[in-house]
Number of protein chains: 2
Amino acid sequence: MNQTADPHELLATRLRAVGPPSGTAEAQAHQLPMRVLHVPPRHDVVREDGRLKECCLILDGFFVRHTMVGGDQRQILSFHLPGDMPNLHSLHIPETDFALGALTAGSVALIPQAALRAAIDKAPDLGDLLWRFTFADAAISRAWLASVGRRSAYQRVAHLFCETFMRMRALGLTDEAGFMLPLTQTELADALGLSVVHVNRTLQQLRHEGLIVSRGRYHGFTDWRRLQEAGDFDGSYLFQLENRPLPFVEPPVRLREQVS
Amino acid sequence: MNQTADPHELLATRLRAVGPPSGTAEAQAHQLPMRVLHVPPRHDVVREDGRLKECCLILDGFFVRHTMVGGDQRQILSFHLPGDMPNLHSLHIPETDFALGALTAGSVALIPQAALRAAIDKAPDLGDLLWRFTFADAAISRAWLASVGRRSAYQRVAHLFCETFMRMRALGLTDEAGFMLPLTQTELADALGLSVVHVNRTLQQLRHEGLIVSRGRYHGFTDWRRLQEAGDFDGSYLFQLENRPLPFVEPPVRLREQVS
DNA sequence: CGTGTTATTGACCAACATCAAACTTAGTGG
DNA sequence: CCACTAAGTTTGATGTTGGTCAATAACACG
């Protein structure tokens with residue numbers, strides 16, 4: 001995938017996205033020791049029981065938090081993209097309630113807890129910015145909970161597409177007319193709390209309705225507005241993205257030209 | 001309800017539960033300005049669109065975060081009990097993605113953001129401890145997501161009972177054989193992503209199985225072990241409780257006496 | 001080309017939702 | 001203390017969404 005230039009620069013960019021870091025914070029972030037770890041597709045960085053001594057900064061690839069329920073069923077709890085730090089909690093809490101895995105090939109930077117803590121000590125606002133990561137993360141979890149709790153399969157899939165598209169778009173991982181979502185239907189099912197079969201049929205329905213056009217795992221959007229409506233999507237909970245120019249996706253060029 | 005002696009003492013106790021606060025942190029916590037607000041049952045403290053200028057410390061009562069989905073359906077996102085601070089995020093993020101409401105009569109202490117920020121500046125570890133609140137909170141959200149995504153109605157209800165009982169027990173809001181859960185079945189349904197009717201039937205099933213004995217909103221447990229199993233409940237994600245002596249509930253006395 | 005993973009289909013079924021009505025309970029005012 | 005009321009709980013009948021099982025088709029990769 002997108003081979004990231006420099007882990008420290010990625011972190012700095014992400015910090016700037018959630019709020020202006022002080023000079024000290026930026027300097028501290030740049031001095032953090034990082035060990036890069038390459039992760040093969042479908043492998044876990046942290047197991048559910050493992051107590052990782054380091055905090056992960058995702059550099060590259062598509063990661064998920066996931067957990068097993070009742071021994072045989074999986075629930076994917078969140079998606080994580082480059083710049084995310086999905087196990088910040090290990091800085092303060094030894095227990096982990098989820099596994100962190102890569103769906104695609106990817107890489108993470110491992111930052112020793114002690115070093116990160118020291119950096120926060122020297123630049124207190126760095127702690128605040130990382131705390132914001134946690135809030136942004138929690139807001140997305142709540143959105144997923146509301147979706148799984150109260151939306152139909154059809155709405156859920158559409159909602160997930162909207163959310164994930166917005167997040168990936170903010171990172172330049174999409175084009176304007178669609179995106180490559182590197183998830184199998186089984187993985188979609190595990191994220192949405194549905195069965196594979198039903199995800200398959202729901203995708204077909206979305207295609208028949210003309211809301212998405214899929215080629216393999218690339219999904220093109222024909223009408224963003226309608227997709228939003230179908231998913232009952234309101235992206236205002238994605239505050240992490242709001243410091244960037246608001247990515248408002250218009251219907252793709254061809255359609256709009258027909259209109260005018 | 002349980003008229004809490006002193007808001008500052010409640011906060012201090014809660015801080016001690018997540019980790020030993022420094023003397024400075026305790027001192028700062030004790031000096032925080034707090035304005036007590038009484039909340040009538042079924043009233044919101046913060047609306048979904050409202051931008052509250054203060055952070056809430058729950059003093060008394062049973063609160064929920066909730067949100068409307070698709071205009072007419074409600075999803076309850078979390079439960080909040082005395083000592084919780086459910087809108088800490090407002091310290092860093094102006095947007096709110098949920099409403100905060102009381103189910104019972106209750107009260108909250110409102111802490112001005114500026115004061116809380118100042119306290120954190122003076123006692124950096126106070127920020128860390130509050131950050132831990134956020135982590136504990138997020139872990140519970142993930143557990144709910146997994147439950148709603150992958151468990152049957154029967155399991156979900158049992159799981160929620162286990163979790164909520166454990167949390168309330170740590171605050172001394174239960175007795176050993178059961179607890180008073182001040183939720184209507186409609187509210188349970190909104191928390192679990194089910195319909196009222198189905199919640200009602202599921203409760204009946206739990207009663208027939210002999211797992212709970214309800215009198216109004218008091219629910220007695222006859223066999224904690226079996227209830228845990230029914231709900232596929234493993235409480236290790238409730239780390240906020242772990243600094244206290246681990247509350248391990250044995251089957252109620254009568255039953256155990258019969259055995260021996 | 002095989003071989004394993006992923007996607008798709010059909011038939012069937014279970015869990016849960018919806019609708020509508022009756023019943024209980026807890027308050028409230030007379 | 002007794003209606004009266006509103007909220008909450010319970011029930012039955014019925015419909016729908018989404019799950020399960022099992023087989024086949026389409027790919028992807030060595």
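## Helices H6 and H7 of chain A

Helix H6 (residues 185-192) and H7 of chain A pack at an angle of about 100°, and their axes are 8 Å apart. Axes here are lines fitted to C-alpha atoms, for helices over the stretch in contact, and angles run from 0 to 180 degrees between N-to-C directions. The helices and strands themselves are DSSP runs numbered from the N terminus (helices are H or I with at least four residues, strands are E with at least two). H6(A) and H7(A) are therefore roughly perpendicular to each other; angles of 65 to 115 degrees count as roughly perpendicular, under 35 as roughly parallel, over 145 as roughly antiparallel and the rest as oblique.

From H6(A), the contact takes in A:Gln185, A:Thr186, A:Leu188, A:Ala189 and A:Leu192, while H7(A) brings A:Val196, A:Val199 and A:Asn200. Two residues are in contact if their C-beta atoms, placed from the backbone, lie within 7 Å. Sorted by class, the contact of H6(A) with H7(A) has 5 nonpolar, 3 polar and no charged residues. In this sorting, Ala, Val, Leu, Ile, Met, Phe, Trp, Tyr, Cys and Pro are nonpolar, Asp, Glu, Lys and Arg are charged, and the others, Gly among them, are polar.

## About the model

This is a predicted model, in which local features need pLDDT of at least 70 and side-chain atom pairs count only at pLDDT 80 or more, while totals for chains, interfaces and linings use all residues. Residues are numbered from 1 along each chain as its sequence is written, and chains are lettered from A and ligands numbered from 1 in the order in which they are written.

## H5 joins H7 in chain A

H7(A) also meets H5(A): their axes come within 9 Å and cross at roughly 75°. That makes H5(A) roughly perpendicular to H7(A). On the H5(A) side you will find A:Ala153, A:Tyr154, A:Val157 and A:Ala158, which meet A:His198, A:Val199, A:Thr202, A:Leu203, A:Gln205 and A:Leu206 of H7(A). The residues of this contact divide into 7 nonpolar, 3 polar and no charged.

## Around the DNA strands

Let us turn to the DNA. DNA strand C is surrounded by 15 residues, the closest being A:Thr184, A:Gln185, B:Ser195, B:Val197 and B:His198. A residue is near a strand or molecule if its C-beta atom, placed from the backbone, lies within 6 Å of it. H6 and H7 of chain A and H7 of chain B each supply at least two residues of the surface near DNA strand C, and H7(A) gives the most, with 5 residues. That surface has 6 nonpolar, 9 polar and no charged residues.

DNA strand D has 16 residues around it, with A:Ala153, A:Ser195, A:His198, B:Thr184 and B:Gln185 the closest. Helices H5 (153-170) and H7 (196-208) of chain A, along with H6 (185-192) and H7 (196-208) of chain B, each supply at least two residues of the surface near DNA strand D. The largest share of this surface, 5 residues, comes from H7(B).

## How the two chains meet

How many residues of chain B are in contact with chain A? There are 36 residues of chain B in contact with 36 residues of chain A. S4, S5 and helix H4 (124-150) of chain B are the elements that give two or more residues to the side of chain B that touches chain A. H4(B) provides the largest share of that side, 18 residues. The side of chain B that touches chain A has 15 nonpolar, 12 polar and 9 charged residues.

## A sheet in chain A

Chain A holds an open sheet of 3 strands in the order S1-S7-S3, with antiparallel pairing. Two strands pair if DSSP finds at least two bridges between them. S1 (35-39) and S3 (54-60) of chain A are the edge strands, each pairing on one side only.
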